[in-house]
Amino acid sequence: MSSSAGTSLIMAELPLVWKIIDWFDDWALRLATLASLFLTSILMLSAETRRHNKYPFAMLLLWAVYQVQPKVTEYALTHLSISSTCCTSTSAHEQQLVSFWAPFLLLHLAGPDNIAAFALEDGKLSWRKVGKALWNIAQGLYVMFKYIYLCNSGVLRSAASIMLALGVARYLEKVITQLRGNFDNLWHSGDDSKQKTSTGESLGHVVISSSSRQHRHGKEEEETTLLLIYAHTQFLACGRRAMADSSVEKDSPNYKIGWEIFSALDAKEVCKVAGMEASLMYDVLYTKATVVHTWGGYLLRLVSPVGTAAAFSLFLVRGHLRSFEGLMG
């Protein structure tokens with residue numbers, strides 16, 4: 001009797017289980033997309049924790065978000081690409097709106113500007129990440145062609161094209177950033193430091209000349225600004241090269257360059273410049289600074305708000321057109 005009662009209880013609970021499974025199937029994509037947006041927001045707001053490393057719990061949270069966020073986003077993008085709904089179904093309009101999420105998921109995979117890597121290992125095997133990025137981009141393109149470009153989507157096609165271009169550009173930007181943050185690439189980039197140091201040294205010596213010191217005497221803020229300029233001018237020789245090759249051999253050209261750079265500074269200024277160099281090196285290794293501070297990076301950030309506003313306007317126009325067609329119908 002007990003066995004029979006247990007079987008009856010299990011059979012009674014099965015409809016509830018199937019309802020939960022059906023509900024999850026219906027809402028899995030929406031939940032994954034919302035979770036991707038939420039995790040990306042946390043990543044953007046808490047990224048500076050990685051730089052200061054003061055709060056262990058915050059660091060743990062940041063690490064967890066950094067690991068989970070791309071997995072959730074890739075799940076949502078894959079779910080979109082294998083969806084079986086076609087344009088001739090009664091839910092074609094809804095499917096087109098859902099497919100419009102694909103470019104935004106690529107933007108989520110691109111991540112914020114203030115964190116591109118969490119650890120030095122994120123720059124290793126980066127060519128594998130290039131292949132993975134190309135695969136994710138291919139999934140986004142497939143979703144766009146299947147549900148928007150090949151369907152009667154109207155102005156939504158133009159809006160999706162704008163956002164897709166921005167999403168692909170920002171995603172590739174992250175991959176390029178991680179490639180540049182690879183220590184092997186930093187080592188080779190340091191080979192050009194000898195050629196670029198002469199201009200930096202001439203500007204640096206002007207910055208730290210005795211007349212400049214007398215002029216800024218008592219002005220700590222101005223002194224800090226000038227030292228920051230000096231740190232930037234010497235970053236290739238002093239920062240990147242020192243991180244990629246910490247050799248202290250006196251015959252090393254890096255040792256000679258570093259000695260020439262710091263010999264004109266007093267102890268307090270050396271500490272300040274070293275701290276600034278460390279901060280710049282953090283930007284190279286863990287953020288998108290190497291790509292952001294280029295003409296392409298500036299142009300992309302100039303175009304992005306304009307493109308997003310244009311896509312949003314087209315999306316609103318599409319909504320008004322559909323409302324008008326509904327009234328006329």
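Met 163 touches Phe 100, Pro 103, Phe 104, Leu 107, Thr 308 and Ala 311, when residues up to four places away in sequence are not counted and contact is taken as heavy atoms within 4.5 Å. The structure is a predicted model, in which local features need pLDDT of at least 70 and side-chain atom pairs count only at pLDDT 80 or more, whereas totals for chains, interfaces and linings use all residues. Residues are numbered from 1 along each chain as its sequence is written, and side-chain values use heavy atoms, with hydrogens and water left out.

Met 163 lies in helix α7, where helices (H or I, at least four residues) and strands (E, at least two) are DSSP runs numbered from the N terminus. At 2% relative accessibility Met 163 counts as buried, a class that covers values under 20% relative accessible area, with exposed meaning over 50% and partly exposed lying in between (1.4 Å probe, protein chains only). From Met 163 to Leu 106 the C-alpha to C-alpha distance is 9.4 Å, although the two are 57 residues apart in sequence.

**Overall composition and core**

The protein has 16 helices and 0 strands, and 40% of its 329 residues count as buried. Among contacts in the protein with a separation of 6 or more, 82% are accounted for by residues 24 or more positions apart.

The largest nonpolar core has 48 residues, of which Leu 80, Leu 106, Met 144 and Tyr 171 touch the most other members; such a core is a set of buried Ala, Val, Leu, Ile, Met, Phe, Trp, Tyr and Cys residues joined through side-chain atoms within 4.5 Å. At least two residues of this core are supplied by each of α1 (2–46), α3 (56–81), α5 (101–110), α6 (126–149), α7 (156–180), α14 (267–286) and α16 (295–328). The largest share, 10 residues, comes from α7. Because domain 1 (14–188) and domain 2 (217–287) both give residues to this core, it lies between them, the domain bounds being taken from an automatic or database domain assignment. In soluble globular proteins, nonpolar side chains tend to be buried together.

Met 144 is in contact with Ser 99, Phe 100, Ala 102, Pro 103, Tyr 149, Ala 160 and Leu 164, leaving aside its neighbours within four places in sequence.

Two packed helices are described by the angle between their axes and the distance between the axes. Here axes are lines fitted to C-alpha atoms, for helices over the stretch in contact, and angles run from 0 to 180 degrees between N-to-C directions.

| Helix pair | Axes come within | Crossing angle |
|---|---|---|
| α5 and α6 | 9 Å | roughly 165° |
| α3 and α6 | 9 Å | roughly 40° |
| α6 and α7 | 10 Å | roughly 175° |

With angles under 35 degrees counted as roughly parallel, over 145 as roughly antiparallel, 65 to 115 as roughly perpendicular and the rest as oblique, the axes of α5 and α6 cross at roughly 165°, and that makes α5 roughly antiparallel to α6. The helices α6 and α7 are likewise roughly antiparallel to each other, whereas α3 and α6 are oblique to each other.

The crossing of α5 and α6 is left-handed, a term used if the near helix is turned anticlockwise from the far one by less than a right angle, with right-handed used if clockwise. In this pair, Ala 102, Pro 103, Leu 106 and Leu 109 of α5 meet Asn 136, Ile 137, Gly 140, Val 143 and Met 144 of α6.

The crossing in which α3 passes α6 is left-handed. Its contact is made by Glu 74, Leu 77, Thr 78, Leu 80 and Ser 81 of α3, together with Lys 132, Asn 136, Gln 139, Gly 140, Tyr 142, Val 143 and Tyr 147 of α6. Where α6 meets α7, the residues include Ile 137, Leu 141 and Met 144 from α6 and Ala 160, Leu 164 and Tyr 171 from α7.

**Individual residues**

Thr 73 is found in helix α3 and is buried, with a relative accessible area of 0%. Not counting residues up to four places away in sequence, Thr 73 touches Ser 36, Leu 105, His 108 and Leu 109; its C-alpha atom is separated by 8.2 Å from that of Leu 106, 33 residues apart along the chain.

Arg 51, in helix α2 (residues 48–52), is partly exposed, with a relative accessible area of 27%. With residues up to four places away in sequence not counted, Arg 51 touches Ser 279, Tyr 282 and Asp 283.

Ala 119 lies in the loop between α5 and α6 and is partly exposed, with a relative accessible area of 24%.
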